[in-house]
Each structure stands twice: as structure tokens, then as C-alpha cells.
Amino acid sequence: MADASHGTPGTTIEFGSPNELVDEFENPGIPPHRPRLADRDPRAEKRAERQVALLFTISVIGTVLFFVGYFFIPLNDTIERLRLQNLTLGLGTAFAMLGIGVGIVHWAKTLMPDHEVTEDRHDIRPESDRQDAEQMVNDILEESGIKRRPLIRNTLLGAVLLAPLPAIAIFRDLGPLPGNVLKETLWDTGVRLTRDPSGTPIRASDVTIGSAFHVIPEGLNEVEDMLEEKAKAVVLLMRLDPNDLNPSPGREDWGYDGIVAYSKICTHVGCPVALYEQHTHHLLCPCHQSTFDVEQEAKVIFGPAARPLPQLPIEVDDEGYLVASSDFQEPVGPSFWERG
Amino acid sequence: MKALSQRRRHPLAAVALLLMALLTTGGIYAAASTANEAQAQTTSFTANDVEEGSKLFTANCASCHGMGATGSDAAPSLVGVGAASVDFQVGTGRMPMQMDGPQAQVKPVQFTEEQTRQLAAYVASLGAGPAIPSDDVLDASEGDTAAGGELFRVNCAMCHNAAAAGGALTRGKYAPALDGTSAKHIYEAMVTGPQNMPVFNDANITPEDKQDIIAFLDTIGEQGSPGGADLGSLGPVSEGLFIWVAGLGVIIAFTVWLTSRSS
């Protein structure tokens, strides 16, 4: 800004100043072709050729290495063999792919012609082309007579609307609607709480203060769709000092002498919440750090979960084993459309 | 000697000296720790043990846990925690606690094997609690590693990580990695539930099941990762960092090479 009057109205615009409008840039053309080392020196050309061939050969060796690993490293009980096979399979495929890729690029960069080529932009289509196309569509409409024959038009419409209906029937066969499966679990009145994975029943006296048991309903290991049922029914059983629990009215008898059972399925996206801290009585979900406070009926005290973990009402049967008083009183796990 | 003194200014002399020093200390340390392990662990305590333990307790622990181990605002009562709890907390260096924090940190063990035993004897005399496991309970050579693995994944893996590499808990607490933890300390941790770990008593996980779990931990500790470098077995964090740095680095390098002019 040395010249304060620069660009102010009334100043004469000098040739070459930035204010001068440029109508058109001069075409600088293609930069001069610069011959590469391989273009000038036959020895360099030969060398590049050998390098490309070597890279392709590396690819071949890689593929051979893969098959050596695949067929000639028999797996036994040791993990070293598995690791060696993993290594040869990985290195083999990596070199097989890399050799071809690097070889082709090196070939193109050193040996293939590198003259720059320009292709001019096409002329814009004249307006008459568009009019021709429009005329064609109009001719088809006129000649098919669809406007003059409403019977044909209406039956065609009917046929087209009805034709997709079989697809609905076919998709329906993919399976029944979920019905109540998201709202019910294997828990029911009198179902014993058993250890995961052995399925042995748990006595109330087994659960000492500070203990945490991973629990499945009795008979889970025998049902046909065991994993589906387990995914809904898993429960964490804990015993706290009864004075630490603060049950809300109506839920006082859902636990037994400080023993409480909560669904292990996070109400956020369904990860198993099982990181139990026996002194703080916090339950932490490992996926998104939702934290539930067992002292306050598994209320969410941190993280993205929206609802407390559902509590399983439990009691003790005549033989001293822990049993469920009923199924969960609300659907377990994350929200779904029809949850209500 | 002359040849040695002539080479003392060699550029690699410092490296060689350092290596020698490290090997010597490592060797002595290894010899010392095996000697410690070799001492037989007896669970029967004499009256003398209790008395010595009482003195040690008054001198080292009573300021927090109170005279007679009845607890204070700073630390819980130790009546009924059992000898196993003392052996774990003191034997891994967690107690005496160095500083206040979310949980007691592992640090070099402060008491000898004998003193730890006496402390355990004293605390065990205050009230019944889990005893220090005997050697035949800890023998993991008979353990079923597959069953142990299943039990570990159900009961332990959520906090300690599927590869026992440890993990974070709430508000600064964490579950430690189990690599290098002795069978005795693993067993004691299960029966006593140190810090915020829940208790896994013998009614929940039977002594045989505990053996299986220890056998499983031994196996995964020995055999290493089937996939090569495990990057700490921390899952997407370390693996993601590696692929973002190394993978993107390779892609950028190839892009630079692809667009560069050939000479």
C-alpha cells in the first residue's frame, strides 16, 4: 500500500495494472516433452525392463508362497504352526498383489510413452436435437393410441398395480412377525436361577455379600434356540448389604435379603452390562460406558442408556434355591418400535 | 586386561556395559524371585506368628485400619477378611497403600514372605475368612483349559478383557492385566474380591473351576497371540491407531510415488 491513491476513482489506469480486465488467457499449450532416462539411454531402458519383470516375478513367488503355506504347513495343536501359516498366507497374498500393482505402475512410469494428449471439449448439441427427441415421444404417444383407448390404459394400470402383490406374499414367508418374542423371556414364576454356563441351581446362602453370579434360567441349555433365548434372559445376580438398597414402593419384595437380579442386556444397544464394582455398586457397560447404580434400582447415572436395567423379581423356594417370581415386568434390552 | 582397556573408548562400549549390567541385575532378580517362590507356603499359623503379625500391623497398618483392625474413616475393618486377603493385598504390594486414589496400585512388595505370613496370621486370628490356598489347589497342570476359558469369558472377561489384558472401570478404577500374576494371587483375588472386584466364592466357582481358569490363563500367557503382534490385545484402540498411522502412511507414500514424475 505504498501508493495511497492507487485504485481510487479518477486515477488513470495504467497498462498492466491489476484493474485491467482480461478477456481471454493465451493458451500456454502443452509443456515441452522431457525425455526420461529410459528414453535416452538404452541401458536404463533395459534396466527398467528388468525391474518390471522382477516385480512381476515377485508376484509369482508370492502366490507360490501362499500355496506353500496353505498346503505344506500342516496345522497341529501348537499355535506356532497357526501363526507361521497366517504369516505365509498374509505375506504371500500381499506380495502377489503388490508385485503386480507396483510392476504395472513402474512399467507405465518408465517405459510406456508419456506424450501428453489433449482432447478438445465437444460442441454443445444444437437445440434442434432436443426438439427431435420431443417429437419422437409425442409420435409414440399418438401412434400407440393410449389417449384414445381408455379401456387399454385402465386395464394396464390395474395389471401393473396388482403385479407386485405376490412379492409381499413371498417376503412374508421369510418369517413370522416378531409377535411377543421381544417382550417375553424364559423367566417365569418358579424358574430357578442357575449358573452360566453350567446350569446348576444357586442357593441363596451361596451368594455372600460382595458376590456376583452370572445367571441363566434353568433349562436354557436344553432349548432349541438357546442363543436367542440366552441373549434375552441373561441376568447378573449380586448381594449387597440390604441397607444399601433403596427399593421403590411395590418393589420391596423383588429381592431377597440383599440379593438382587438385574438383566445383563444394556438398555442402550444391548451389550452385556456385567462390569460390577462391589464397593460402589456400579454396573458399567463396556461398549459406551453407561453406568447403572444398583443401589438405586439400576438407575442410569452416566452414559447414553435411556432406561434403568429391568429387575428380575426373585424369591427363595422350599429347598432354599433362588427362583424367579415372574418374568421381567418390562421388555429387556434396547428400545424398539412397538415397545410402547 | 590391556585389550579391554584399549577398547573402553569404543562407541559400542557403553552399550555393551549397559547390556552387561542389565543382564546381571535381571539374573540376580530372577534368582531371588524363584528362591522366594520356592519357599513352601504353610497355612497353619503359630501363636508366635500371630504375635509378630500383631506388632507389624500396629507399626504399619493401624494408622488407617485402626488398632485391632476394626477400621476407620480412611480404611475398612479387616475383621473376617481372612488370610487370603492379606496375602493378596500385601503380597502384590497393593498394601500398604502408597497414596489415596481410586484404587490401590501395584508397587514393589514392602514386606518379606515371612512378614506377610505373620500379618496374614494376625488378621486371620481376628475372625474367620478365606484361607491362603494350599499348593495342591493351585496346581493348574490338571486343569481343563477349555472349560477354564468358558468360565473366564462368562465371569472375568468383561472387566479383565478376553485376552486378560485388563480394562478400564468407572471414575479412574481399572481391572488389571493378569499376565504374570501368580496362580496363588489369582486364586486369592477370586475368593476375596479385592478392591471393587466381586467375590467369586467356592459356591459360585468351585475350586476345580478356579484351577481350570488358572490353567486357561497360564495357557494364553504362554502360547501368545495366534495372529502375531497383538498390540496389547486392546482391540480397536491400538489396532485402529496402528492402521490409521501405518496404513494411511503407506497409502500416502504410494500416492506420492504414483503422481511423481519419472526421472
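Is B:His65 buried or exposed, and how many other C-beta atoms lie within 10 Å? B:His65 is buried, with 22 of them. The legends below give the setting. The model is predicted: local features need pLDDT of at least 70, side-chain atom pairs count only at pLDDT 80 or more, and totals for chains, interfaces and linings use all residues. Residues are numbered from 1 along each chain as its sequence is written, and chains are lettered from A and ligands numbered from 1 in the order in which they are written.

View 1. An unreviewed UniProt entry lists B:Cys61, B:Cys64 and B:His65 under "binding site". UniProt positions follow the numbering used here, feature names are shortened, and annotations may be inferred rather than shown by experiment. Helices (H or I, at least four residues) and strands (E, at least two) are DSSP runs, numbered from the N terminus. B:Cys64 counts as partly exposed because it has 16 C-beta neighbours inside 10 Å. A residue is buried with 20 or more other C-beta atoms within 10 Å of its own, exposed with 12 or fewer, and partly exposed in between; C-beta atoms are placed from the backbone. Leaving aside residues up to four places away in sequence, B:Cys64 touches B:Ser72, B:Ala74 and B:Ala75. On the same terms, B:His65 is in contact with B:Gly71, B:Ser72, B:Ala75 and B:Leu78. Contact means C-beta atoms, placed from the backbone, within 7 Å.

**View 2. Helix α5 of chain B.** This helix spans residues 82–91 and is mostly covered, with 10 of its 10 residues buried. Among them are B:Val86, B:Asp87, B:Phe88 and B:Val90. The cover includes α6 (113–126) and α10 (183–192) of chain B. Just after α5(B), B:Gly93 takes a positive phi of about 85°. Across chain B, buried residues make up 29% of the 263 residues.

**View 3. Where chain B meets chain A.** On the chain B side, 24 residues are in contact with 31 residues of chain A. Helices α8 (145–155) and α9 (157–160) of chain B each supply at least two residues of that side. The most come from α8(B), with 3 residues. By class, the chain B side has 10 nonpolar, 12 polar and 2 charged residues. Ala, Val, Leu, Ile, Met, Phe, Trp, Tyr, Cys and Pro count as nonpolar, Asp, Glu, Lys and Arg as charged, and the others, Gly among them, as polar.

**View 4. Helix α2 of chain A.** Helix α2 (residues 42–72) has 31 residues. From first C-alpha to last it reaches 44 Å, close to the 45 Å expected at 1.5 Å a residue. The expected span is 1.5 Å times one less than the number of residues. A:Ala48, A:Val52, A:Leu55 and A:Leu65 are buried in α2(A). Their cover includes α1 (37–40) and α3 (79–110) of chain A.

**View 5. An open sheet in chain A.** Here 4 strands run in the order β5-β6-β7-β8, with antiparallel pairing. Strands β5 (275–277) and β8 (299–302) of chain A stand at the edges; each has a single partner strand, so one side of each is left without a neighbour in the sheet. Two strands pair if DSSP finds at least two bridges between them. β5(A) is joined by 3 bridges to β6 (residues 282–284) of chain A. A:Glu277 has A:His282 as its bridge partner in β6(A).

How values were computed
Contact = placed C-beta atoms within 7 Å.
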